[in-house]
Amino acid sequence: MDATPGSLRGMEQEIRTCLDQKQYREAFDRLLPEFQNKVFRLAYAMLGEAGAAEDMAQDVFVRIWRALPGYRGQSSLSTWIYAITRNACLSALRKVGVRREVSMEEPGVARAAEATGLEAGGDAGIDVLRFLKQLPDRHQQVLRLYYLEEKSYEEVARLLEWPMGTVKVYLHRARKELAEAVARGKI
Amino acid sequence: MACPEFEDRLIDYADIEGEARACVDTHLAECAGCRQFLEALLVVDTELTARFSGREASAALAVTVRRRVDREASARRLSFVPEILDFVGWGAIVALLGLMAWWVVPFIPALNSNPTVLSLNTAVAASGAFLLVALFIGLRSLADLRC
């Protein structure tokens, strides 16, 4: 089930009522089914792997559960949840980045990764995806999220909290780069 | 390669309509490079749509999350047992100190000169000590429960 703007408003009101009455478990049980797909897709877009996104979504919801008593409604519930998701994903990406830098310092490992296609993410069967993983991180994220969110610019902008213009510019560049690579027969 | 003046419009081909679309279509009919670029865009679109469109979290996600939250909630459930044990322990210490004082006082001559004053002072001191200890234990218990 996905949270639509209309259902979100009503649900946010219900959740705030639960929180006012300190019924945290009831509030959590309401928000989990509404946001599980959104959180998963945002994590998938940012991390690039479905398995990692699923694990991340679990961690995000546990964080939300812990933070729920402190939620005072300064921002909308969805904005708050997406911010927690983005921050958790960025922390995970930073950790992976550090590990990757360390492991790639060894030339043998780097050569092995190239030879087995691991450097491009391991999806050796689908060439467009392999090339997608070579794009800059932001281009990858926006492109994945655009397709995960059924090509909705508004949803991409809302989930990433980027201005609409930025989303369009990144999408434009990413599609252009991918299409040029396909046209050149590079992938 | 696509013609530079048409490249942007080809990338947004699905979103353009009317006169702009007709203009692009006219150009496509006579430009192989732009046709190839548009085909490549369609390949990208088809591949990414097939891969990502309609992806949802697995059914196991909510189950696993609920299990983890249940575990956390039960670990965080308040229990008064440690506080009661704390209270009993401190009470025992106070009682022991009281017994020792009761045993030692008869052997101190200075304290035995005026039994009335002694018993009044002892009662005030004991009450004060008891209130302080009770306050201390109460604050400790409150701090523990808030953690």
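Helices here are DSSP runs of H or I with at least four residues, strands are runs of E with at least two, and both are numbered from the N terminus. By that rule, chain B has six helices and zero strands, in the order α-α-α-α-α-α along the sequence.

This is a predicted model, in which local features need pLDDT of at least 70 and side-chain atom pairs count only at pLDDT 80 or more, while totals for chains, interfaces and linings use all residues. Residues are numbered from 1 along each chain as its sequence is written, and chains are lettered from A and ligands numbered from 1 in the order in which they are written.

Of the 147 residues of chain B, 10% are buried; a residue is buried if 20 or more other C-beta atoms lie within 10 Å of its own, exposed if 12 or fewer, and partly exposed in between, with C-beta atoms placed from the backbone. Two residues are in contact if their C-beta atoms, placed from the backbone, lie within 7 Å. Among contacts in chain B with a separation of 6 or more, 64% join residues 24 or more positions apart.

The contact between the chains takes 30 residues from chain A and 25 residues from chain B. On the chain B side, helix 3 (32-52) and helix 4 (59-76) each supply at least two residues, and helix 3 of chain B gives the most, with eleven residues. The classes on that side are tabulated below; Ala, Val, Leu, Ile, Met, Phe, Trp, Tyr, Cys and Pro count as nonpolar, Asp, Glu, Lys and Arg as charged, and the others, Gly among them, as polar.

| Class, side of chain B that touches chain A | Count |
|---|---|
| Nonpolar | 14 residues |
| Polar | five residues |

**The nonpolar core and chain A**

A nonpolar core is a set of buried Ala, Val, Leu, Ile, Met, Phe, Trp, Tyr and Cys residues joined through C-beta atoms within 7 Å. The largest nonpolar core has 61 residues, of which A:Val39, A:Ala43, A:Ala57, A:Val142 and A:Leu145 touch the most other members. Helix 2 (residues 24-47) of chain A gives the most to this core, with twelve residues. Leaving out residues up to four places away in sequence, A:Val39 touches A:Ala57, A:Val60, A:Phe61, A:Ile81 and A:Thr85.

Helix 7 of chain A makes contact with helix 8 of chain A through A:Val142, A:Leu145 and A:Tyr146 of helix 7 and A:Val156, A:Leu159 and A:Leu160 of helix 8. The residues of this contact are six nonpolar, no polar and no charged.
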